[in-house]
Amino acid sequence: MGVEFVTDFTAIRSGRGHKVQGRDRSELAYYNPLQPGLAIWGIIWTAIFILVNGYKVFFKWSTTDFLTAYINIPIFFALWIGWTIYMRQPFWKPHEMDFVTVRRVGTNASL
């Protein structure tokens with residue numbers, strides 16, 4: 001479920017970047033007039049599904065079942081933060097996002 005979260009988070013952040021820079025999102029190849037509402041809706045439902053994934057463990061406590069159901073949350077954030085630190089990628093502010101230059105994934109060098 002981490003993929004859905006990252007996709008929705010990216011849609012919200014890029015939409016904010018387009019808005020701050022005064023760019024028209026309707027010119028994008030994959031434009032949806034319901035964004036960013038759908039991305040927010042997706043993040044909310046992804047969070048709900050992740051949190052209720054192992055609800056049964058709270059009725060009859062089992063540490064192994066709890067870890068099995070919820071260990072993915074800290075692992076996901078540890079991998080995301082670790083990758084960001086390892087690759088030394090900045091968390092761009094909306095006015096710093098580059099929507100013009102095509103860049104290689106994982107580098108700051110232009111093609």
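**Helix H2**

I began with helix H2, residues 37–51, in what is a predicted model. H2 has 15 residues and reaches 21 Å from its first C-alpha to its last, close to the 21 Å expected at 1.5 Å a residue. The expected span here is 1.5 Å times one less than the number of residues. Helices are DSSP runs of H or I with at least four residues, strands are runs of E with at least two, and both are numbered from the N terminus.

I then looked up which residues of H2 are buried, and found Ala-39, Gly-42, Ile-43, Thr-46 and Ile-50. Buried means under 20% relative accessible area, exposed over 50%, and partly exposed in between, with a 1.4 Å probe and protein chains only. Seen down the axis of H2, these buried residues fall within an arc of 100°, so they line one face of the helix. The arc is taken over the directions from the helix axis to the C-beta atoms. On the face of H2 turned away from the buried side I noted the exposed residues Trp-41 and Leu-51.

I asked what covers the buried residues of H2. The cover includes helix H1 (2–21), helix H3 (63–70) and helix H4 (72–87). A contact here means heavy atoms within 4.5 Å.

**Val-3**

I checked Val-3, which has its place in helix H1. Val-3 is exposed, with a relative accessible area of 62%.

**Aromatic pairs**

I noted the rule before the count: rings of Phe, Tyr and Trp (its six-membered ring) pair if their centres lie within 6.5 Å; planes under 30 degrees apart count as stacked, over 60 as edge-to-face and the rest as tilted. By this rule the count comes to 18 aromatic pairs.

I took Phe-5 and Phe-77 from these: the ring centres are 6.2 Å apart and the planes stand at 75°, so the pair is edge-to-face. Phe-5 sits in helix H1 and Phe-77 in helix H4, 72 residues apart, and the pair links distant parts of the chain. Phe-77 is partly exposed, at a relative accessible area of 35%.

I looked next at Phe-9 and Trp-80, whose ring centres are 5.6 Å apart with planes at 85°, so this pair is edge-to-face. Phe-9 lies in helix H1 and Trp-80 in helix H4, so the pair ties together parts that are 71 residues apart in sequence. Phe-9 counts as partly exposed at 24% relative accessibility, and Trp-80 is partly exposed at 29%.

I also recorded a cluster in which ring pairs link Phe-5, Phe-9, Phe-76, Phe-77, Trp-80 and Phe-91.

**Whole chain**

I listed 4 helices and 0 strands for the protein chain, running α-α-α-α from the N terminus on. The radius of gyration is 18 Å, well over the 13 Å that the globule rule gives for 111 residues, so the chain is more spread out than a compact globule. The radius is taken over C-alpha atoms, and the globule rule is 2.2 Å times the number of residues to the power 0.38. Along its principal axes the C-alpha trace spans about 55 × 35 × 20 Å. Of the 111 residues, 17% count as buried.

**Conventions**

I kept the numbering from 1 along each chain as its sequence is written. Local features need pLDDT of at least 70 and side-chain atom pairs count only at pLDDT 80 or more, while totals for chains, interfaces and linings use all residues, and side-chain values use heavy atoms, with hydrogens and water left out.
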